[in-house]
There are 2 protein chains.
Amino acid sequence: MRPRLCLAVAGACGEDDRALSVAAAAAIEILHCASLVHDDLPCFDDAPLRRGRASVHRAFGEPLAVLAGDALIVLAFETLALGAAKSPRRLGPLLRAIGQAAGMPTGIAAGQAWECEPRIDLSEYQQAKTGSLFAAASVAGAVSAGAEGEPWRELGARLGEAYQVADDIGDAVASEAQLGKPVRRDQALARPNAVLRLGIPGAMRRLEALLAAAIAAIPPCPGPDQLRNLILFEADRFLPKELARRAA
Amino acid sequence: MRPRLCLAVAGACGEDDRALSVAAAAAIEILHCASLVHDDLPCFDDAPLRRGRASVHRAFGEPLAVLAGDALIVLAFETLALGAAKSPRRLGPLLRAIGQAAGMPTGIAAGQAWECEPRIDLSEYQQAKTGSLFAAASVAGAVSAGAEGEPWRELGARLGEAYQVADDIGDAVASEAQLGKPVRRDQALARPNAVLRLGIPGAMRRLEALLAAAIAAIPPCPGPDQLRNLILFEADRFLPKELARRAA
């Protein structure tokens, strides 16, 4: 989702440096993967499965899982730098937009850190842990195409919220085999979850409203139609098949 | 040591963008700190002390120590980007030089990963774990000043080896209170160590030879004298006081 969003926004902004847009999309996906490897560690979720296979620490041990996550973070920024050969002036703003979404105090690391607190600020938690990288994907797509980034933040932030709600719905109705990772962990770990809070119908209504808000937040740009279609198409892929058909 | 080396090389190359040289030096130190926080984790050294205080995971728990290391890696690259406002074209080469020293397959993360192998290639291990960041500090100092970076790699690599040998000597003769961290861990963990291999007099001779090689490796530049003096001055600070006086 995140790299596709980045590339779609770059396209909507009149992409003129494909290597840079692809590097930005790749950097965002690599950071996401880094966060999954570290989230699965014994000191966090202690997850045995990820994408239907053994998690990194289960397959290769905890030390190599810590180091793989570290090396992926570094690789994300190296990838950006390699992709910026033709547009060096865009590298700084791109790096800042993406770095902000990964580190402290507003990025994935900060979001994960909320899980260590006795009381979680739900909105700040989800904003940092999931929303920030979606927002950065949208901003980075624009910046990689030479456009202003900030007007695109709202679109990504709404899609990030929508994705989080869809993920909670999937977690509530899907099986471990379908998702390729353990299900119903939020309940077990007493973590915030839209379905636990709103029920499935309420969560579905919230998802629809967030997608509409995302589409309404697309700034004026040369190619908004393809982007709009992609959002609706991906929204269907968000959900387990039973629910996607019901929503359509 | 590493940031001082970076700034000294920038000065020797005729530093013309102080903000960028300082950012490069800071990024290198931040990455070094990130590696210490993760190295101290229970799945690696399980070190209770660092710089005379509780290690991060002892003070704040393992989850926050993992996340603090992650956030420091991100912060290092954000720091670089913020410092490059006046010389945006230098950001890409700088980021690549520093990233290479931190990640896989030649950086700190790779060096640490060697510790997970049943047999360690001593030279590749030390090169990646310690040498790479010294080499990057030297290269980054030159690049931040607008000079070619690669001719400066040799200087940093030799100083990194010297530092590793000095660290092994310090570990052999100093007390925990002097170093602010546990001593004689390499022996306990059966890790490569110059004193275990060469004895203290042999390690001292090796240190002198490495410092001479480092000074001989300084490339032609506008200001080599200050750099040479700094290396000799710092070399004295490398060692526990008893040995520094003996060497002088």
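1. Two residues are taken to be in contact if their C-beta atoms, placed from the backbone, lie within 7 Å. On that basis, 36 residues of chain B are in contact with 36 residues of chain A. This is a predicted model, in which local features need pLDDT of at least 70, side-chain atom pairs count only at pLDDT 80 or more, and totals for chains, interfaces and linings use all residues. Residues are numbered from 1 along each chain as its sequence is written, while chains are lettered from A and ligands numbered from 1 in the order in which they are written.

2. On the side of chain B that touches chain A, helices H4 (62-83), H5 (91-102) and H6 (108-114) each supply at least two residues. Helices (H or I, at least four residues) and strands (E, at least two) are DSSP runs, numbered from the N terminus. H4(B) gives the largest share, 14 residues. By class, this side has 23 nonpolar, eight polar and five charged residues; Ala, Val, Leu, Ile, Met, Phe, Trp, Tyr, Cys and Pro count as nonpolar, Asp, Glu, Lys and Arg as charged, and the others, Gly among them, as polar.

3. Chain B is superposed on chain A by a rotation of 180° with 0.0 Å of shift along its axis (RMSD 0.0 Å). The two copies are therefore related as by a two-fold rotation axis. The superposition is by least squares on the C-alpha atoms of residues with pLDDT of at least 70 in both copies. The same surface serves both copies, since 100% of the contact residues of chain B recur in chain A.

4. Chain A has 13 helices and two strands. Its radius of gyration is 18 Å, close to the 18 Å that the globule rule gives for 248 residues, so chain A is as compact as a globular protein of that length. The radius is taken over C-alpha atoms, and the rule is 2.2 Å times the number of residues to the power 0.38. The C-alpha trace of chain A spans about 45 × 45 × 30 Å along its principal axes.

5. Within chain A, the axes of H7 (residues 122-144) and H8 (residues 153-173) come within 7 Å and cross at roughly 135°. Axes are lines fitted to C-alpha atoms, for helices over the stretch in contact, and angles run from 0 to 180 degrees between N-to-C directions. The contact of H7(A) with H8(A) has nine nonpolar, seven polar and two charged residues; among those that meet are Phe134(A) in H7(A) and Tyr163(A) in H8(A).
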